[in-house]
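Have the viewer open and follow along.

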Amino acid sequence: MDFAAWRSSGNFFEYRGHRIFYQHSGIDSGTGLLCIHGFPTASWDWQSIWPTLTQRFDRVLAPDLIGFGWSDKPRDYAYSVCDQADLCEALLKQRNIIRVHVVAHDLGDSVAQELLARDIQRVDQGEPSRIVSTVLLNGGLFPETHRPRLIQRMLLTSLGPFIARALSERTFARSFSAVFGARTQPNAEQLHECWQLIVHAQGQRRMHQLIRYIPERLARRARWVDALQRASGPVRLIVGMDDPVSGAQMVDRYRALIAHADIVELPGIGHYPQMESPRAVLDAMTDFHHTAESGRVA
């Protein structure tokens, strides 16, 4: 579906007094697929692979995290990875999804790591695991290998609020395009759509608040690396290797820290594999899900 249809066909649910947008396909209950987007965009990131995902899974959910896309963007709000994980769990509960496959990207990787950590706690307490499998795309899994863009670093300074207000579509397009592969650059329409997601409800003014996930990764590093090392279900990493933010250097660190690392490398692809090479991402996901759960995954 196109950009307008994605919005008009979406749903909303209430989370802590705020309206949260999400795209949904299929029936409720049972096992589903949760798609968690990254910074600074929204669930629209998944649109290139959405039709195939909805054919392969009985139910698929893709929320706009709070502060992003068409969800509410409150001014006085303690944005955090842990709160975004709470939001995802609230959505799953609201739709009666008991067990879930997860696919995540960028900021969404950190949310997935927090969800995995909670799942490990449940298993340690004798409860069944709820996360069947996890697919991670490019993201800052390890703060020591994450290389944020200049504008991201500036947003974290005391000048952050002023920089956020001064952001323009042209500035965004230049910075956003720089993390894509040389031969897989976003076109003008894609850039404009992503910008519309950011500026909806003046969301660009929240960017200095939303970016706080970067220092949160450092503070919670031990917990979130442990989550990858002890995950109850299988985890696959699908990586665009030409990503300057979290590409080859992150892959090397992943291999050093994660035993029996399952990695699919995509040469020539940058930070957004699901947009730059959707066919390769779908192929890697399909192969992985064949072994993760029998029966409901085609």
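**A helix pair and a sheet**

Helices α4 and α11 lie roughly perpendicular to each other, because the angle between them is about 70 degrees, and angles of 65 to 115 degrees count as roughly perpendicular. Keep in mind that this is a predicted model.

**Where α4 meets α11**

- Helix α4 spans residues 107–124 and helix α11 spans residues 221–229, and their axes are 8 Å apart.
- On the α4 side, the contact is made by Ser110, Gln113, Glu114, Leu116, Ala117, Arg118, Ile120 and Gln121.
- Helix α11 brings Arg223, Trp224, Val225, Asp226, Ala227 and Leu228 to this contact.
- Sorted by class, the residues in the contact of α4 with α11 are seven nonpolar, three polar and four charged.

**The sheet**

- Eight strands form an open sheet with mixed pairing, in the order β1-β2-β4-β3-β5-β6-β7-β8.
- At the edges sit β1 (11–15) and β8 (263–266), each of which pairs on one side only.
- On average, neighbouring strands of this sheet are turned by 20 degrees against each other, direction ignored.
- Strand β7 (residues 235–240) runs parallel to β8, and four bridges join the two.
- To find this pairing in the viewer, look for glycine 240, which stands opposite leucine 266 in β8.

**Helices on the sheet**

- Helix α3 (residues 81–94) packs on the sheet and touches β1, β2 (18–26), β3 (31–36), β4 (59–63) and β5 (99–104).
- The direction of α3 makes about 120 degrees with that of β1.
- Helix α4 turns up here too: it lies across β3, β5 and β6 (131–136), and runs at about 155 degrees to β6.

Key. Residues numbered from 1 in each chain as written. Predicted model: local features only at pLDDT ≥ 70, side-chain atom pairs only at ≥ 80, totals over all residues. Heavy atoms only, no water. Axes fitted to C-alpha atoms, helices over the stretch in contact; angles between N-to-C directions. Parallel < 35°, antiparallel > 145°, perpendicular 65-115°, else oblique. Contact = heavy atoms within 4.5 Å. Nonpolar A, V, L, I, M, F, W, Y, C, P; charged D, E, K, R; others polar. Pairing = 2+ DSSP bridges.
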